[in-house]
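Work through these exercises with the model open beside you. Try each task before you read its solution.

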Amino acid sequence: MQRVLVSVILPVFNGERFLEEAIRSVYAQDGAPIELLVIDDGSTDSSSEIVGTVAPDARVIEQENTGPAAARNRGLSEARGEYLAFIDADDVWAPNKLSRQLHDLVDDETVDMTLSMTRCIHPDGTLAAPRFFIQFGCGLYRRRAFERVGGFDESLRFSEDLDWFARAREIGLRLSVTEDVTLHYRLHEDNLTRGTDVHDLGYLQLIKRSLDRRRARGGTEPIEMPPL
Amino acid sequence: MAKISSKDENPGSTFVVEIRPNIAHEDFDGEVVILNLDIGLYHSLNESAGFIWSRIANHSSPESVVKAVAREYGVSVALADSMVLSLIREIEKEGLVDVNGTSPRWAAEPAENMDQTDAHAFWPVMDTYRDMRHALVVDPIHEVDESGWPALKVQKSTNGAE
């Protein structure tokens with residue numbers, strides 16, 4: 001079996017609109033042997049046909065609709081790579097994302113994951129200025145990070161990635177943040193949605209769980225989320 | 001000693017405490033967690049502080065909160081008054097509430113002649129955390145619906161890049 005250096009996990013649910021562009025940006029990466037894992041969370045559009053056409057070598061795993069956290073966890077359980085990366089079905093990677101981030105992790109064995117800046121893609125196709133967001137698409141992760149932290153909390157609908165990073169920082173995982181832009185994140189509205197009751201409840205749940213975990217370990221010391 | 005006054009006792013010195021719209025909060029089985037959505041600070045209230053906060057959130061008047069505290073914790077009205085004023089002072093200072101009307105001078109210490117042991121056992125405490133402020137403030141791009149997947153809306157025209 002060919003060695004897999006990087007497993008790229010792509011969860012999709014009815015993502016036909018931008019899926020081809022997302023997949024092509026993964027295959028446009030320079031160098032590293034990768035496997036693409038597409039977790040189809042019960043799509044009813046042409047997502048599976050697109051994958052079959054654009055990425056015939058991808059490993060496609062189909063499951064009943066359970067949500068993005070469950071889809072990513074399924075990807076984690078199937079991944080064979082030493083390093084793990086994530087991309088959403090409507091996002092785009094920069095061409096040298098993996099090579100740059102692999103270099104960062106190889107350069108410093110103590111770092112568990114490296115994150116980069118993101119540029120948002122407005123609905124009209126224009127790019128916003130680079131910013132740092134806590135979300136998985138901008139990172140490259142050692143497998144050991146997930147072995148230590150665990151997977152995504154499937155009970156959290158809106159903040160499972162922030163929750164994962166909080167858990168990672170609570171147990172002392174090290175991460176680096178670089179000024180490179182490796183991810184273009186697609187916005188679907190010109191105004192960012194924020195402040196809905198269920199959205200805020202997700203954050204409050206995350207905070208409560210983080211505090212409880214820290215208390216169980218003996219204290220509520222700050223965990224210092226990035227930017228560091 | 002400043003205290004929360006009723007209109008009958010001191011006309012014109014009542015005040016209203018209202019939670020600001022940028023504040024999210026939830027009672028998780030007795031622990032109230034509060035998040036300032038604008039700056040990413042979050043707070044945890046102990047039991048008595050959560051008791052007071054919940055009544056403020058339900059639009060109870062400060063006077064009725066004082067009476068409720070006195071009943072709940074079996075303390076004097078004077079001590080309850082100090083407890084409530086102390087918390088209101090702190091949550092106003094942290095930008096969680098607006099206090100409208102004529103506010104009394106805040107009680108910095110428990111009322112005189114109160115048993116210090118009793119005061120400390122029930123004193124409302126709010127812990128403030130700053131460690132996730134960057135992540136909580138700049139984490140706005142979860143444009144998802146209740147399923148957790150991105151909600152693809154009809155595209156609108158924009159004025160260009162950020």
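**Exercise 1.** In this predicted model, find which residues the ring pairs link into a cluster.

*Solution.* Look for aromatic side chains. Ring pairs join A:Phe86, A:Phe136, A:Tyr141, A:Phe146, A:Phe152, A:Trp164 and A:Phe165 into a cluster. Over all chains, the structure holds 19 aromatic pairs.

**Exercise 2.** Classify the pair A:Phe86 and A:Phe136: which geometry does it have?

*Solution.* Start with the distance: the ring centres are 5.2 Å apart. Next, take the angle: the planes meet at 80°. Planes over 60 degrees apart count as edge-to-face, so this pair is edge-to-face. Now place the residues. A:Phe86 lies in strand 4 of chain A, and A:Phe136 in the loop between strand 6 and strand 7 of chain A, so the pair ties together parts 50 residues apart in sequence. A:Phe86 and A:Phe136 are both buried.

**Exercise 3.** Do the classification again for A:Phe152 and A:Trp164.

*Solution.* The centres lie 6.5 Å apart, with 40° between the planes. The pair is tilted. A:Phe152 sits in the loop between helix 5 and helix 6 of chain A, and A:Trp164 in helix 6 of chain A, 12 residues apart. Then check burial, which means under 20% relative accessible area. A:Phe152 has 5% relative accessibility, so it counts as buried. A:Trp164 has 0%, so it is buried too.

**Exercise 4.** Why is helix 6 of chain A described as largely enclosed?

*Solution.* Take residues 160-170. Of these 11 residues, 11 are buried, so the rest of the structure largely encloses the helix. Among them are A:Asp161 and A:Arg167. Just past helix 6 of chain A, A:Gly172 has a positive phi of about 85°.

How values were computed
Residues are numbered from 1 along each chain as its sequence is written. Chains are lettered from A and ligands numbered from 1 in the order in which they are written. This is a predicted model: local features need pLDDT of at least 70, side-chain atom pairs count only at pLDDT 80 or more; totals for chains, interfaces and linings use all residues. Side-chain values use heavy atoms; hydrogens and water are left out. Buried means under 20% relative accessible area, exposed over 50%, partly exposed in between (1.4 Å probe, protein chains only). Helices (H or I, at least four residues) and strands (E, at least two) are DSSP runs, numbered from the N terminus. Rings of Phe, Tyr and Trp (its six-membered ring) pair if their centres lie within 6.5 Å; planes under 30 degrees apart count as stacked, over 60 as edge-to-face and the rest as tilted.
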